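Here are some exercises to work through with the viewer open. Try each task before you read its solution.

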Amino acid sequence: MRKWMGIICVVCICLGMSGCAGGGQSHLNETDRGPYTDGVYEVQMPTYDKSWQEYGKVTVTGGYITEVEYDALNESGEKKSEDAAYRDDMAVGNAVNGLPATYPEKAYQDLTQAFQAAQYDPEKVDSVAGATLSSQNFKKVMTALMEKVREGTPGKTALPLYQDGTYEVEMPEYDNGWKDFVRLTIIGGEVESIQYDARDEDGQLKSADEKYERDMIAGNAANGLPETYPADYIQKLVDSYMQSGSAEEIDSVAGATISTHRFQKLLRHALKSARQGRTELFAVPLFEDGEYRAQMGEETDGWTEFVILVIQDNMISQITFDAMDEKGDYRSKDTGGSQTEREEGFDSAVFYPAILEEFIDKQFLPDEMETVAGASRSTKNFKKLAAALENALYGSQETAFVNE
């Protein structure tokens, strides 16, 4: 009996403790509970970059962050950290450029561990050498992600394509006393306003220059072009972008073709700055990276001459001058044809390189070139083709056709 009474007393004590904490237990749970709302939070980069879209994911359980993930997915849903081919290519590329041998799995792991060690403060996370862009993206993604966690709004979202701010870019040099510029304002991740104009060395705007307006109207009339002037074509170009939302789909303004190209070029760079959050004023490159081609509109003796120009980092990295037949064979590689040409006194294997050398010697200025003896026609064609490659200034990679 004494034994049972002891057991009953123990049970009563236990029940009493549980009951005390009954309202007391929820109080203890609330005290132990973390500050965040349970759930899975995920933020993605706004677009795919070279087929990969980076993302950050945080899981909150019991009010505390219990899991952190950072990686990238391709359109098939495969993780970059598990892509062996990408890992090997990145390691080789870093080695060639004298960078540490890192790869996505390691870089993402290092960033995540540093984030946890910094008590989930992205600003205290240092960049991983050899993975600078991913490090920058990590900070953007995790900053937005922690805002969602603090707000208590689980779910998946993407970063806005553009970061709020004012972004201004300008042409690299003055042209006839004017330097074009674009000032872009982003609010709430959207394009709020665009200012396009040009200023002289005194800071005066072209759109406010009454003499320039009169001269442009008169010049267009003399050349049979529609009437337009800075204030007019500027508004049309800005309206065209605001309607289409694409710098590539802007309607060209008749009588202001060059200004249309410049506006597109400047706007592309301003939008790129807005994606990166780069707010400082900078001059756009003179040439746009890419491969550009110009070719004669008609063939001569079965051959069509052409020029291919490759621009990389605002410099000419490769230039080709040759001709092709209807089958697409290159004249410089046509052994039989070269023999016939040599008998006639023209050898493309000799003259084409000589023309290119003259072009390079004249600092890539076709108007300054001397005619290569024995190749006057090809020199003349080359000068026209090289001049037609001005689309490298604006990034248009459509083939330019030239008439003799």
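## Exercise 1: a sheet and its cover

Strand β5 (residues 165-170) and strand β6 (residues 179-187) run antiparallel and are joined by six bridges. Two strands pair if DSSP finds at least two bridges between them.

A word on the source: this is a predicted model, so local features need pLDDT of at least 70, side-chain atom pairs count only at pLDDT 80 or more, and totals for chains, interfaces and linings use all residues. Residues are numbered from 1 along each chain as its sequence is written, and side-chain values use heavy atoms, with hydrogens and water left out.

**Task.** Find the bridge partner of G165 in β6, then work out the strand order of the open sheet and which helix lies across β5, β6, β7 and β8.

**Solution.** 
1. Start at G165: its bridge partner in β6 is I186.
2. Now widen the view. The open sheet has four strands, ordered β7-β6-β5-β8, and its pairing is mixed.
3. Check the edges: β7 (190-199) and β8 (282-283) each have a single partner strand, so one side of each is left without a neighbour in the sheet.
4. Finally, look for the helix.

## Exercise 2: one face of a helix

**Task.** Which residues of α9 are buried, and how do they sit around the axis of α9?

**Solution.** 
1. Take the length. Helix α9 (residues 348-361) has 14 residues and reaches 19 Å from first C-alpha to last, close to the 20 Å expected at 1.5 Å a residue. The expected span is 1.5 Å times one less than the number of residues.
2. Sort by burial (buried is under 20% relative accessible area, exposed over 50%, partly exposed in between, with a 1.4 Å probe and protein chains only). S348, F351, Y352, I355, L356, E358 and F359 are buried.
3. Look down the axis: these buried residues fall within an arc of 160 degrees, so they line one face of α9. The arc uses directions from the helix axis to the C-beta atoms.
4. Step past the end of α9, and you meet Q363, with a positive phi near 60 degrees.

## Exercise 3: loops, out and in

**Task.** Is K50 buried or exposed, and what about D301 and A131?

**Solution.** 
1. K50 is in the loop between β1 (39-44) and β2 (53-61). Its phi is near 55 degrees, positive in a residue other than glycine, and at 74% relative accessible area K50 is exposed.
2. D301 is in the loop between β9 (290-296) and β10 (304-312). Phi of D301 is near 55 degrees, again positive in a non-glycine residue, and D301 counts as exposed at 70% relative accessibility.
3. A131 lies in the loop between α3 (104-117) and α4 (132-151). With a relative accessible area of 6%, A131 is buried.
4. Leaving out residues up to four places away in sequence, A131 touches M90, T102 and A107. M90 is 41 residues from A131 along the chain, with 9.4 Å between their C-alpha atoms.

Terms used:
Helix = DSSP H or I, 4+ residues; strand = E, 2+ residues; numbered from the N terminus. Contact = heavy atoms within 4.5 Å. Axes fitted to C-alpha atoms, helices over the stretch in contact; angles between N-to-C directions.
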